[in-house]
Amino acid sequence: MDRRGFLKTAGVLSAGAACAYGLPLLCAGTSSRGAPEGPPGTRKWGMVIDLTRCRPDCTACLEACRKENNVAFFGDARWDVHLIRKVKIRRTYPAVSAEKPMLLLCNQCDRPPCVQACPVKATFQREDGVVLVDQHRCIGCRYCMIACPYNARDFNFKENREWPNKDRPRSSHGVPQSCTFCVHRLDVGQEPACVAACKKVGANVLAVGDLNDPGSDVSRLIATHPVQGLREDLGTRPKVYYIGL
Amino acid sequence: MRLKAAVVPIAALVILFPLGYSLARSVFSWGAERGQPFLAKPETKSAGCVRDNTWMRFHHMDLLKQVRDEAVREGKRGNIGLNTCRECHTNRERFCNECHNAVNLHVDCFRCHYYP
Amino acid sequence: MEASFERVEGKSAQYWLLLGALAALTLPGIFSTYLMEGRGLYLSGMTNRVPWGLQIVLAVFYIGASAGSLVISSLYGVFGKKEYKPFARVAVYLALLFLVAALLSILTDLGRLDNLSSSFSHFNFLSMLSINPFLYNMYILICMVYLWAMLREKEKLVRVMALVAVLWAIAVHSGTGAIFGFVPRELYQSPLLPPSFIAAALSSGTALMILVILGLFRLTGRPLDDQLVVRLGRLLAVFVLVVACLLYIENAYRVYLAASREAGVYLLFGGFQSVVFWGGMVLLGSLVPAVILFTPRTAGQVRWIVVSSALVVFGVLCERYLIVIPGQAHPADLLPNMEITSSVWEEGVAAYSASLPEVLQAIGVVAIIGFLFVLGLRLFRLLPTEARICE
């Protein structure tokens, strides 16, 4: 083939390759979610976790979450769903520190990779910043789980047998689940189940509130304590902040 | 070609079999096992019925879908929905399943949502 | 010289036996898909830490094989090399079938297949997994039109479709690479993934075509000019080099930078995946084939080319495994310089092994496309009467 033909072909091939990414680039400007910045006055839910107050052997928030959201539990680490997990962590570098408890949950990112990834927009972000799975639409492809850098999502591999909270639906198998900040409670003015349970045992570790309201619990905590989100360098802008990490 | 001529009818048979089976079942069992579906009027706890029978018959699915999307995707809760249906129509067997079983149309809601 | 194409007669007992065996092999796969969709994906080996398993590995492999097969047909359609015309139809048909296999693998892996209609009614432009099925479906249509144009011998349409098909194949396969490359996981996130997918597609596609063509021609007793296979072998050699080169760059980059060093070292030296890497991909998948195909004596012998093709296919399969699984098995570095000492979850490196239902599904998918291929040979004029080089 002569040079012209080669150049033509190469140009056309590159154009073809560009098509694959062109669409997302073109649409990166438009949002596939409700504007999380929102019009003035829009709420933006965030959470602050004060690890200095967390009691190592307490499981109040975990059990409250499981009961409230009908979370699947089989006793098998492969398939158990955890919307909130309690782990023990310690520093390894430069020196090994003592263990302390930590809570891991969906960070409700402001720039969620899972929302970007979902092919059907079943994972979406509401105007108030909450990232949710619409399980009616989900096809169970698990790309959101792959895209989440925090491993925050669990998949329902097996049909859930328990149904402690009949006022709330229980997930079928084949869909992922992650912490929703209990939006069904937030929407009607209640606190998330974990926050309420933690208050009940007197620990007051968890607080959920409006980040856009300077007078709310979370805003005051963030203003007065050094807080840290997980892997903020990834650019996901997590909205769960830790005190004492 | 014998084989080529058979491919299309066989493929059509395979693809249309589920539909044909469902149709045949409803046609041949309508009126025989279950009788015509009959919904007893419940004692309404609220001011009255949400909508009249005919409207509901044609539009309850759209109503439920709209309420669902508003609640899940926009956070507008407290509207009517499956939970409020339950307040008056207390028994799913005599309410939803009565008609849905008669027309052999499966609903997926109750796999996850509680409705006794 | 003009090649003439014909159908396989397909009346022999062997033919019907083959068809029957393939049809029978699909049944366990269909049954295990039915079980998994009905009871839950816990029947597979996938877990919360490794949510994508064997089916996705194979789906990616099939997409690569499909794109690669199309390149062989483009040798005639786009680059006008008449000596490859005999292979063009089989190549396009195979490309079509491989993509069908990929889609089948993906679809049988979905958790809620009953919601599939949402993927048609809701489209997320930002999601690579939304764009790609659109690319795949159009690709299938394009392949069908291309094949139809070849069967009806509409030369001009063939030229146009060949170009469109190759373009689209590049888009499809680099899009598939972007599914993994555009995700913030340590062992996935990489701009090199789309081009490396294309390179692997080219090499696996060429290798598979060599094997299929030789198998077909020998089984049906058609004359095949050895020189054609030798030329394809030379093409394969170049592709193997490109794959090895990209592989080297990717891993060198990861190990060099402090941020990704731990993940890079895990991949290269950390366990089972390292055996797959060094033994499967580097040694058997790249070094040995490269040596065979660049040594003049062996590069001219058909059986050595067959050996190296088989090794290349194996190597690319290993590569697909290495792309999909270790990226999930390796833990995300949530807390740098800290470790999680106890958890309810599977912390640290996660384990994954395919379960029997998954393997049966995979066999079922292979059986389905095998069945369709063998049937297609009978229904369409795909096979050339002979393949010779006429100078």
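These questions and answers cover the interface of chain C and chain A in a predicted model.

Reader: How many residues of chain C are in contact with chain A?
Author: Contact here takes heavy atoms within 4.5 Å. On the side of chain A, 67 residues take part. The count for chain C is 65 residues.

Reader: What is the area buried between chain C and chain A?
Author: Carbon and sulfur atoms give 63% of this area. In chain C, Asn48(C), Leu126(C) and Leu334(C) lose the most area to chain A, together 12% of what that side buries. The area buried between the two chains is about 6,000 Å².

Reader: Which residue of chain A forms a salt bridge with Asp109(C)?
Author: The rule finds two salt bridges across this interface. It asks for a Lys or Arg side-chain nitrogen within 4 Å of a carboxyl oxygen of Asp or Glu. For Asp109(C), the closest N and O atoms are 2.7 Å apart, so the pair meets that cut-off. The partner is Arg142(A).

Reader: Which element gives the largest share of the side of chain C that touches chain A?
Author: Polar contacts between the chains join 35 residue pairs. Elements of chain C that each supply at least two residues to this side include α1 (13–39), α5 (128–151) and β2 (338–342). The largest share is nine residues, and it comes from α6(C).

Reader: How many nonpolar residues has the side of chain C that touches chain A?
Author: By class, this side has nine charged residues. Polar residues number 19. The nonpolar count is 37.

Reader: Which residue in β2(C) stands opposite Ile89(A)?
Author: Strand β2 (residues 84–91) of chain A and β2(C) run antiparallel. Four bridges join them. Opposite Ile89(A) stands Ile340(C).

Technical notes. Residues numbered from 1 in each chain as written. Chains lettered and ligands numbered in written order. Predicted model: local features only at pLDDT ≥ 70, side-chain atom pairs only at ≥ 80, totals over all residues. Heavy atoms only, no water. Buried area = accessible area lost by both parts, 1.4 Å probe. Polar contact = N/O pair within 3.5 Å; in protein donor to acceptor, adjacent residues only side chain to side chain. Nonpolar A, V, L, I, M, F, W, Y, C, P; charged D, E, K, R; others polar. Pairing = 2+ DSSP bridges.
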